[in-house]
Amino acid sequence: EDKTGLSEEWTVSGEGPVNVIADQTALTTITNTFLADDVPATGSLTVTKVVSGDTAGITLPLFKITVTGPEGFTAARTFAGGESFTWHNLVPGTYIVTEDKTGLSEEWTVSGEGPVNVIADQTALATITNTFLAEEVPVGSLKVTKVVSGDTAGITLPLFKITVTGPGGFTATRTFVHGESFIWENLVPGVYTVTENKEGLSSRWTVSGEGAVSVIADRTALTTIKNEYKKATPKTGGLVPLTTYSGLILFGIGLLMKGKRK
């Protein structure tokens, strides 16, 4: 979009490349948001489309994803397998990512839809995974919870980026805030690995809870990733505590008095 003549109160989101596939209709939405008051800090949302399963010999469809959010924001876009797209200049808040399943056969399952928190000056991540099951397979779910502990007073908590990988090439990355839980549904039973991306986290953050989780058909596996923040311990500069000096002085006086008595 040509922004010539648009004032600073206008933000633009949705520009970029669009994949057009034969015999299919690609979608894209350019959204202009008018901010009448002082322009607040904005954030971004990156959505990634992943396709897993036995897709050999089939023509992959375009996947239609819609994002809705604060102040009436709505944007629809078509994705090809492996494609990512970032919506910029988003007002901070909760955005809902959904996929239109119209035209998808019963062999396709969808996982990763739902709310995503967008924070000012940060990029939130969401992965929508479509798994192709050539035969009917019972599926399970995985619930990941983010917990933050430690002395976090006075600091701005970052977004925590968690990735889940599993059978059939399944992979999904999502950002979490403290106390947030998210359920990946329609998962092929098997062992999934949950890890956190520590890039950008200072050495004061520790992470626990990563590792393998078994997903069983018709059940929801649970795992919690914990981040603890420890502030730096103030250095004393090597000064000897006052009580030590007092003890040395009293010891010296004792020796002096003992010498005088002799």
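A residue is called buried when its relative accessible area is under 20%, exposed when it is over 50%, and partly exposed in between, using a 1.4 Å probe and protein chains only. By that rule, Asp-121 is exposed, with a relative accessible area of 68%.

Before we go on, a word about the model: it is predicted, so local features need pLDDT of at least 70 and side-chain atom pairs count only at pLDDT 80 or more, while totals for chains, interfaces and linings use all residues. Residues are numbered from 1 along each chain as its sequence is written, and side-chain values use heavy atoms, leaving out hydrogens and water.

Back to Asp-121, which sits in the loop between S9 and S10; strands such as these are DSSP runs (E, at least two residues), numbered from the N terminus. The phi of Asp-121 is near 65°, a positive value in a residue other than glycine. Most residues other than glycine have a negative phi. Glu-71 also has a positive phi, near 55°. You will find Glu-71 in the loop between S4 and S5, where it counts as exposed at 55% relative accessibility.

A nonpolar core is a set of buried Ala, Val, Leu, Ile, Met, Phe, Trp, Tyr and Cys residues joined through side-chain atoms within 4.5 Å. The largest one here has 20 residues, and Trp-87, Tyr-95 and Val-97 are among those with the most contacts inside it. Strands giving two or more residues to this core include S3 (43–53), S7 (93–100) and S10 (123–132). A second, separate core of 16 residues includes Val-164, Tyr-192, Val-213 and Ile-225.

Technical notes: Helices (H or I, at least four residues) and strands (E, at least two) are DSSP runs, numbered from the N terminus.
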